[in-house]
Amino acid sequence: NKKGRAMYRACKESQAIDVWTKYGTAGVTVWCNEIAGFPTRNFSGGFFEEYQNLSGEVMREKIVVTDKACFGCPCPCGKWSYSKKHNVRVEGPEYETTALIGGNCALADIEDIAYANWLCDELGIDTISAGNCIAFAIECFQKGIITEEDTEGLKLSWGDAQAVYQLIEKIARREGIGAVLAEGVKHASRVWNKGSEEFAIHVKGMEQSGYETHYAPSMLLAYMTCDVGAHHNRAWAITYDIQTDRETFTPDKAAKVIELQHIRPLFDCLGACRLQWVELGLDLDHYAPIIQAITGVERSWEDLLKISERVWNLTRMYWAREVEGFGREWDYPPPRFYKEPAVGGLSDGKKADWDEIQKLLDYYYEQRGWDKNGIPTREKLEELGLTEIVG
């Protein structure tokens, strides 16, 4: 098909394909530290002092064996790696694993991260949530909120790879402290209490993925309003923060988040990878024609975006139906980002302003056609043809 070949050719001719193929997602580690977006020590800041040891270049030199692609993909961004230190073979580590198990737990050896990655894979648990839960436990231990009695004698400190491995095992098997952490940081903070809710990094019960948000209002809003919780998948808005003023909480930031929340999830609906658009600059004009070529149904790009908006409102209404009292407070960010200044790097001393966060939510709800409590209005649902769920 001509349309398919045109997309493939556009990817192969991208100026970014060589670097993207060589390093994959690990290629953003250095950049994230330079912009203060790298989660460090349970999101206390966005700069890890030893980040150079975790770079895509170091990973490529020390552990990468070969590149790996999804079926039919022109840009094999995945990596097969081997850690001689631990004698394990693993796919990755991807950036998110390096961020959440590396910087967030202060592990400074890419081989130790690779082993933790392998351990999570073998035990069937997610590296993002695992890294968050372990960092939260370390901070609770350091602050005396939990003790060796809670950890069964395990001393928790930043940068202790062996402690990280043991906690991964405990979480997967729900043993001791692992039984608490296996339910996530929201649950653990309610069990341990003593102010730990202030630094339990989650939204809607989902642990935050690998971008630090003391000094990134667009990305903070993206996490706050993501339908599944604090995940970057729906709107990777941190690049907009870098392009604009990181100090202000303005209506354009809400508009950008909404735009991305319609574009990026649409790739999931289409069964396509978003990274060719994000990393290789593949023009969005390719997608409507290729869908028409596959299905025989003619739709414009605007038609496709309207489908995405319908999905977004439908999932919001699902929350409202299934969770008693669901509304605005469920979109609030972790208190750490507006109560404690960030430590280290470009964002040192920075924090979000609570009143500005509230204004940003108002802008977002208004532009979405939702009420002040974050619930889609009758008018919006009828506009989208979702009349069957109008109350």
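## A pair in helix α20

Let's start with two residues in helix α20 (residues 378-383): Lys380 and Glu383 both lie there, three residues apart, which is about one turn of the helix. Helices here are DSSP runs of H or I with at least four residues, strands are E runs of at least two, and both are numbered from the N terminus. Lys380 and Glu383 form a salt bridge, with 3.2 Å between the closest N and O atoms. The term salt bridge stands for a side-chain nitrogen of Lys or Arg within 4 Å of a carboxyl oxygen of Asp or Glu.

Lys380 is buried at a relative accessible area of 9%, whereas Glu383 is partly exposed at 49%. For these words, buried is under 20% relative accessible area, exposed is over 50%, and partly exposed is in between, using a 1.4 Å probe and protein chains only.

## About the model

Please keep in mind that this is a predicted model, where local features need pLDDT of at least 70 and side-chain atom pairs count only at pLDDT 80 or more, while totals for chains, interfaces and linings use all residues. Residues are numbered from 1 along each chain as its sequence is written, and side-chain values use heavy atoms, with hydrogens and water left out.

The whole structure holds 29 salt bridges. One of them joins Lys170 to Glu152, whose closest N and O atoms are 2.8 Å apart. Lys170 sits in helix α9 (residues 161-173) and Glu152 in the loop between α8 (148-151) and α9, so this pair ties together parts that are 18 residues apart in sequence. Lys170 counts as buried at 13% relative accessibility, but Glu152 counts as exposed at 54%.

Another salt bridge links Glu259 with Lys256, and here the closest N and O atoms are 3.1 Å apart. Both belong to helix α14 and are three residues apart, so about one helical turn separates them. Glu259 is partly exposed at 37% relative accessibility, and Lys256 is partly exposed as well, at 22%.

## Arg274 in its loop

Where does Arg274 lie? Arg274 is placed in the loop between α14 (251-270) and α15 (275-280). With a relative accessible area of 12%, Arg274 is buried.

Setting aside neighbours within four places in sequence, Arg274 is in contact (heavy atoms within 4.5 Å) with Asn233, Arg264, Phe267 and Asp268.
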